[in-house]
Amino acid sequence: MKNKLLSFLLFACIWVQTAAAQQKNYTVSGNIKDAKNGEDLIGASISVPSLKLGVSTNSYGFYSITLPAGSYTLEVSYIGFETILKEISLNQNILLNLELIEAKTQLQEVIVKTDKANNSNVSANKTSVIKIDIKQVKKIPTLLGEVDIIKAIQLLPGIQAAGDGSTNFIVRGGNIDHNLVQLDEAVVYNPSHVLGFFSVFNGDAIKDFEIYKGGIPAQYGGRLASVLDVHMKDGNSKNYVATGGIGLLSSRLTLEGPIVKGKSSFLISGRRSYFDVLFPFTSQLKDVTAYFGDLNLKANYILGDKDKIYLSGYLGRDKLAFSKIVGFGWGNYTGTLRWNHVFNSKLFVNTSLVYSRYNYNFDINLSDNLNFTRSNFIDDLNLKIDGSYFVNNKNSVKFGIKLTNYVFQPGKATKITDASIFEDAALPKKRAIEEDFYASHSHKFNARLIGDYGARISVFSNIGLGRSINYVGGTPTYIDGAGTIRESQKEENNLYTTYKSGEIYKTYIGFEPRATVTYLLNEKSSLKASYNRMYQYMNLIQNITASVGQEFWTPTDNYIKPQMADQVAVGYFKNFLENTLEFSVEVYYKKMKNTVELRDGANVQFNEAIESQVVAGQGRAYGLELFLRKQTGKTTGWVGYTLAKSERQADHVNQGKWYPFRFDKRNYLTIVLSHDITPRLTISGNFIYATGEAFSIASQRYSMFGAGNPSIYYSARNSARFPAYHRMDLSLIITRKKIPGKVYKNNSDVVIAVYNVYGRKNAYTLSYQTDPTNNVPLIYKWYLFTFVPSITYNFKF
């Protein structure tokens, strides 16, 4: 299969080069940057209006466009920046680096035009992909005023929060763990802080991000539902800058500047909450300890015209404890070393060494002799090479390889003090390796039709040092609530199979075709379609609703098969009013296989036989998404609507019948608006309406022979619904007054925000209790947030 992929790539290169050789062409290549700080601009548009041709910069701001010899006007644009026109005479290959500016300034040899919206919504060969400018994100009202890119994407059609205020998100009927979240190419296994109410992404350290709901390119893999690709700022290469903010419950500070001016730069960005400082002064929370902190680090160095290196890292940690008796802690750690090399004007290659770790601990400390801490982690180390070959103005090829080594520690228990009566114990570690190969070819067939097709091959292998349980009949048998492995469930004289270090004992191979096509009806509208197949070899095991770190990752193995999803999407895209209004309507259908579902009453805590607590299921999701957006002018924002359905089915669950997915929401409406009242005042607002979540309701209670506490009998799984969810948020941004003509070295603003303006009590969960006076059963609805005001002071100097 690998040979077939390589043959396909070789054939594509030979074919397009032969076509290119029929005429004399030259290439213009280079980087597009922000003139103010030297940051690479990702997705900037470079076009030749006279030929109706264009390309976009890649993740490192690099572009390459090949044209016949002659004189041309290049048009370079990026949302929020001035569009520039650059005259070129092409009789040889040209290296052309350009900088875009936000202010309207006249530059030598460059004509500056007013800020102009482009038609990339229509012309770009992308479906189910949305990009939001970080400047727009900072205007969106959020819980406690913390700028959050995940809260922003939850306001898009097809994406919803997994609970009120949560940063866990659901995409087109997928699970929480079906989303690939990357920070500078490193996987972030848990993107949440503080019970899921804040994300790990500090808005001051983020340059750019993009969310793929479908039409996922071949360079991405490993998850079924979506890709959230986040890029940190490189650091200001021209000036030293400090930015930060002081909020009610957390503060942040970012420092950036040149190491060697114009050649290298650094960024240090830190954030910390102070719940632990404030809680002791309250009567209800004085015994609660809670805080989070994170640190973003990055440096880069330009070695020459063809080489640049980057080093970036993230460290984040959370702690939550009650009366110093019960505590939780979890954190993400990532590191990325990258080397960009431009072999020539057509070939760009990036090589990365990436490390990621997620760990969790649960502590019990009742006394000096009754205490222990239980922990788990996943380590991920990979080496990857990604290449882009820009053949000509109609053809380009992307290719790559990735090698990953995984180490899983599903559980380890140790004493907190030497006097503890608990014995140290550890579940066996699990290890795996993964090899990924991909190639894709983008081809412009004619002035109207653009296609992008390719494939990804993933090879996942379980390796030693480790062991697996041998079950009678070779199939895991359900283990009851005690969670122990009964001897009758194992082979009598062969309880385990052990594997020596590096020994491969199970391998899965996944072939993942991808295709996207765009047909331009005219300059203002197009039809698009996409198909992608995704494999997932990692499974998140959770036993609670809220994201407090009580979870662990486990790999596909002898008994748990890889999850797989096929998705098809078709859409109509149209722009109005000189491209200032973008509209799209998409329909999609997704089929999922081998989804990992917990059995009823499953025990996943410190249980080696985790395969006996889960069953393989299947899922299906389909829907319609509407999206209308305005990105320029005094008033910006969008309206999104989703009509969708998502279902699951698994043996031994709900009698084997199909049932609604917990986060199945038939209707989901979002409205996001921001208006600049004056240069100093900006008002913003959000509104969300959603069908209530599905849940399993108690239908009966009974007692055996009239004794003991009554048992509860639940109706069909997820057959009931919470009340509809709706909420409005508002914010007012007051910017420091500026006197015309005066140069300011510092800027500041105050953000006053209210989450859930009209105090809607949206249901979060239910509990069942009995009235002690008359033994009548009662149902209590629990909610988290009503009217939550906040104020934040932001500064930059």
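These exercises, each with a worked solution, concern a predicted model.

**Exercise 1.** Determine whether Asn470 is buried or exposed, and find what its side chain contacts.

*Solution.* Begin with location: Asn470 sits in the loop that runs between β31 (466–469) and β32 (496–499). Next, take the relative accessible area, which is 12% for Asn470. Buried means under 20%, so Asn470 is buried. Then look at the side chain. Asn470 and Thr497 make a polar contact, side chain to side chain, at 3.0 Å. A polar atom of the Asn470 side chain also lies 3.5 Å from the backbone oxygen of Tyr496.

**Exercise 2.** Work out the strand order of the open sheet formed by 5 strands, and name its edge strands.

*Solution.* The order is β10-β17-β18-β13-β14, with mixed pairing. At the edges are β10 (129–131) and β14 (186–187), each of which pairs on one side only. Within the sheet, take β17 (residues 206–212) and β18 (residues 226–232): their pairing is antiparallel, over 6 bridges. In this pair, Ile206 stands opposite Met232 of β18.

**Exercise 3.** Describe the second largest cavity: its volume, its lining and the strand that gives the most to that lining.

*Solution.* The search of the whole structure gives 10 cavities of 30 Å³ or more. Sorted by class, the lining has 9 nonpolar, 4 polar and 7 charged residues. At least two residues each come from β29 (430–444), β31 and β36 (551–555). The strand that gives the most is β31, with 3 residues.

Note on methods. Residues are numbered from 1 along each chain as its sequence is written. This is a predicted model: local features need pLDDT of at least 70, side-chain atom pairs count only at pLDDT 80 or more; totals for chains, interfaces and linings use all residues. Side-chain values use heavy atoms; hydrogens and water are left out. Helices (H or I, at least four residues) and strands (E, at least two) are DSSP runs, numbered from the N terminus. Buried means under 20% relative accessible area, exposed over 50%, partly exposed in between (1.4 Å probe, protein chains only). A polar contact is a pair of N or O atoms within 3.5 Å; within protein, one must be able to donate a hydrogen and the other to accept it, and residues adjacent in sequence count only if both atoms are side-chain atoms. Two strands pair if DSSP finds at least two bridges between them. On a 1 Å grid over the protein atoms alone, a cavity is a set of points where a 1.4 Å probe fits but cannot get out, and a pocket is an open set with protein on both sides within 12 Å along at least five of seven lines; lining residues have an atom within 4 Å of a point. Grid points are joined across faces, edges and corners, and a volume is the space filled by probe spheres set on the points. Ala, Val, Leu, Ile, Met, Phe, Trp, Tyr, Cys and Pro count as nonpolar, Asp, Glu, Lys and Arg as charged, and the others, Gly among them, as polar.
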